[in-house]
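Subject: Structure handover

Hi,

Here is the structure I promised to pass on. Please open it and keep it beside this email while you read.

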Amino acid sequence: MPISRESILRCMDPEQFRKHGKEMVDFVANYWASLKDRNSGMTPLPDIRPGDVSKLVPSSPPKNPEDWKTIFEDLDKVVVNGATHWHHPRFFAYFPTACSYQAIMADILSGGIAGIGFTWKSCPSMTELEMSTLDWLVDLLGLPEHFKNAAEGPGCGIIQSTASDSTMIAIMAARAAAVEKVKQEPTFLNWMAATDLGKTIKGILGKVRQNTTEDEASGLPPPYYHDPTVFEKFVMYCSDQAHSSVEKDAMLCGVRMRKLKSSRDAELGNFSVSKETLEAAIKEDRARGYVPFLLVATVGTTCSCAVDHLDELGPICQQEGLWLHVDAAYAGSFFVCPEFGYMKRGMEYVDSFNYNAHKGMFINFDCSPLWFRDGAHASKFFNVDAVYLSHEHQATAYDYRHLQVALGRRFRSLKIWFVLRNMGIEKIREALRKQNELARLFSRLIVENGQFELFVPPHLGLVCFKIKNANNAQNEVLCNTLNEDRRIHLVPSNVHGTYFLRLAVCSQFTKEEDIIFARDVIYEINSKIRSQV
Ligand SMILES: *Cc1c(COP(=O)(O)O)cnc(C)c1O
């Protein structure tokens with residue numbers, strides 16, 4: 001069928017793109033202005049029920065192309081009115097997600113280049129800008145030099161999408177490294193020679209070395225580094241305060257996980273894992289025939305922003321041959337401020353380290369740098385050769401596809417490049433300090449009327465509090481009522497059976513007046529609830 005002249009005219013041409021693209025930039029700038037405007041009537045949560053947005057969208061796609069103008073007019077009604085406003089100054093839920101004009105422009109450019117950088121050859125600037133900007137971050141965060149892409153050794157940094165993805169990659173790399181150890185170094189088995197497991201694995205080992213296993217005869221050998229018969233008895237550890245993603249990743253990787261009971265931290269007063277707890281678990285699990293292979297430590301837990309002390313846990317991992325991965329998704333950004341440097345003690349023991357630059361550095365989602373002490377080794381476990389992906393420089397150039405699940409990858413380093421160059425590190429430090437100060441202000445204000453108490457001391461922009469002398473149900477009613485009210489938004493948490501509310505300073509637009517406002521709303525709602533019972 002011939003394409004009609006009219007339908008061609010309806011397609012956007014370069015001139016229309018210039019015009020409408022600028023309108024889109026204006027739209028975003030206006031959105032940000034309305035977020036900042038405390039008289040705009042906007043609340044952090046939309047006034048909306050499940051299904052409300054779907055009702056505004058036709059159940060089938062348009063038969064003929066629509067005008068851009070018609071689409072554009074739907075943006076407020078469908079998108080903005082139905083959005084939770086993460087950058088609203090009175091949004092205090094979860095942890096922050098960052099953003100800036102510079103980062104938005106980087107995403108425009110990434111979308112504009114629209115290439116996929118799985119290998120160096122498939123987009124050299126995407127690969128090399130990522131290598132350089134991640135080395136910049138090593139300097140700014142004060143991470144060990146051996147993580148650098150440019151370092152002499154095998155260190156490596158790569159941008160993943162999320163902390164969840166990073167933890168999963170770390171689990172798979174640690175698991176493969178342990179499988180390799182078992183298969184290639186029989187001496188590793190000496191300590192468990194007497195156990196049934198030792199015998200089982202030795203049996204497997206014998207078969208692997210003879211190269212005449214039943215599996216191979218069948219033509220269906222298990223993957224060498226990801227051999228479930230070998231990791232069947234492997235066990236990994238994390239804190240009972242670790243993010244839910246760690247549990248999900250372990251589950252999806254098919255490895256057993258033990259959550260270590262956290263206890264009150266002597267230094268920060270929140271909930272971290274002690275070295276005694278880790279030691280006891282390793283000892284007990286070994287005696288039961290399991291093979292501990294990994295600890296996922298959390299620096300900045302979601303519930304109380306606690307820090308698993310790497311200088312205490314690291315030496316044990318080293319002695320016992322456990323891979324040490326660090327999930328510093330939220331707290332990692334704070335490493336750029338010298339005064340938060342205490343969280344870095346013991347970094348020299350870390351095998352892989354991850355944080356979400358998109359949580360605290362003016363960089364919008366997604367940007368989650370992950371570093372490996374030995375990236376060359378780790379990438380071996382993800383390497384699948386395909387002729388169509390090979391290129392003449394692969395022996396010397398970086399091919400980031402070997403350190404992630406997906407093949408394709410976006411140009412995320414542009415965001416780091418733009419923000420670090422145009423905003424500068426001092427502005428980032430200032431914002432993180434402000435976030436921390438505002439949380440401290442809230443922690444002082446909330447206890448003023450004597451009806452509230454802090455559950456743990458505030459840390460890095462997070463305040464955990466509850467109604468004094470009240471049970472979980474009463475605190476839950478308060479939290480639910482606050483969110484139904486919608487003037488502020490926060491979420492609860494629970495540590496060892498105690499329910500509490502958590503206020504995280506999230507928006508770069510949050511000021512003292514918003515903190516006072518939050519306190520006032522909480523007091524008001526709480527007294528309303530009290531007067532009703
Ligand atoms: C936010 C967060 C996560 C999850 O982050 P994603 O990047 O969305 O997967 C994991 N761990 C911690 C400690 C976090 O703060």
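Asp 366 sits in the loop between helix H14 (357-360) and strand E9 (368-372). Helices (H or I, at least four residues) and strands (E, at least two) are DSSP runs, numbered from the N terminus. A cis peptide bond joins Phe 365 to Asp 366, with omega at about 5°. Another loop, between helix H4 (68-80) and helix H5 (101-113), holds Tyr 94. Tyr 94 is not a glycine, yet it has a positive phi of about 50°.

Two notes on the source. This is a predicted model, in which local features need pLDDT of at least 70 and side-chain atom pairs count only at pLDDT 80 or more, while totals for chains, interfaces and linings use all residues. Residues are numbered from 1 along each chain as its sequence is written, and side-chain values use heavy atoms, with hydrogens and water left out.

The seven-strand sheet

Seven strands form an open sheet in the order E1-E9-E8-E7-E6-E2-E3. The pairing is mixed. Two strands pair if DSSP finds at least two bridges between them. Strand E1 (156-160) and E3 are at the edges. Each has a single partner strand, so one side of each has no neighbour in the sheet. On average, neighbouring strands here are turned by 20° against each other, direction ignored. Axes are lines fitted to C-alpha atoms, for helices over the stretch in contact, and angles run from 0 to 180 degrees between N-to-C directions.

Now look at strand E2 (residues 234-239). E2 pairs with strand E3 (residues 256-260) in the parallel sense, over five bridges. Met 236 has Met 257 in E3 as its bridge partner. E2 is also joined by five bridges to strand E6 (residues 291-298), and these two run parallel. Here Phe 234 has Val 291 in E6 as its bridge partner. Helix H11 packs on the sheet and touches E2, E3, E6 and strand E7 (323-327). Contact means heavy atoms within 4.5 Å. The direction of H11 makes about 155° with that of E3.

How do E2, H11 and E3 go together? E2, helix H11 (residues 244-253) and E3 make a right-handed β-α-β unit. A crossover is right-handed if, with the strands pointing away from the viewer, the path from the first strand over the helix to the second runs clockwise.

H12 and H13

The axes of helix H12 (residues 275-287) and helix H13 (residues 310-320) come within 9 Å and cross at roughly 20°. That makes H12 roughly parallel to H13. Angles under 35 degrees count as roughly parallel, over 145 as roughly antiparallel, 65 to 115 as roughly perpendicular and the rest as oblique. On the H12 side, the contact is made by Lys 275, Leu 278, Glu 279, Ile 282 and Arg 286. H13 brings Glu 312, Leu 313, Ile 316, Cys 317 and Glu 320. By class, the contact of H12 with H13 has five nonpolar, no polar and five charged residues. Ala, Val, Leu, Ile, Met, Phe, Trp, Tyr, Cys and Pro count as nonpolar, Asp, Glu, Lys and Arg as charged, and the others, Gly among them, as polar.

A second open sheet has four strands in the order E10-E11-E13-E12, with antiparallel pairing. Strand E10 (452-459) and strand E12 (491-495) stand at its edges. The twist averages 35° from one strand to the next. Strand E11 (residues 462-467) and strand E13 (residues 498-504) run antiparallel and are joined by four bridges. Val 463 stands opposite Leu 503 in E13. H19 packs on this sheet, touching E10, E11 and E13.

Which helices does H19 meet? One is H17: the axes of helix H17 (residues 425-446) and helix H19 (residues 512-532) come within 10 Å and cross at roughly 30°. H17 and H19 are therefore roughly parallel. Their contact has ten nonpolar, no polar and three charged residues. Helix H18 (residues 472-485) also packs with H19, at an angle of about 120°, with the axes 10 Å apart. That makes H18 oblique to H19. Among the residues in this contact are Val 477 and Leu 478 of H18 and Val 521 and Ile 522 of H19. The contact of H18 with H19 divides into seven nonpolar, two polar and one charged.

Best wishes
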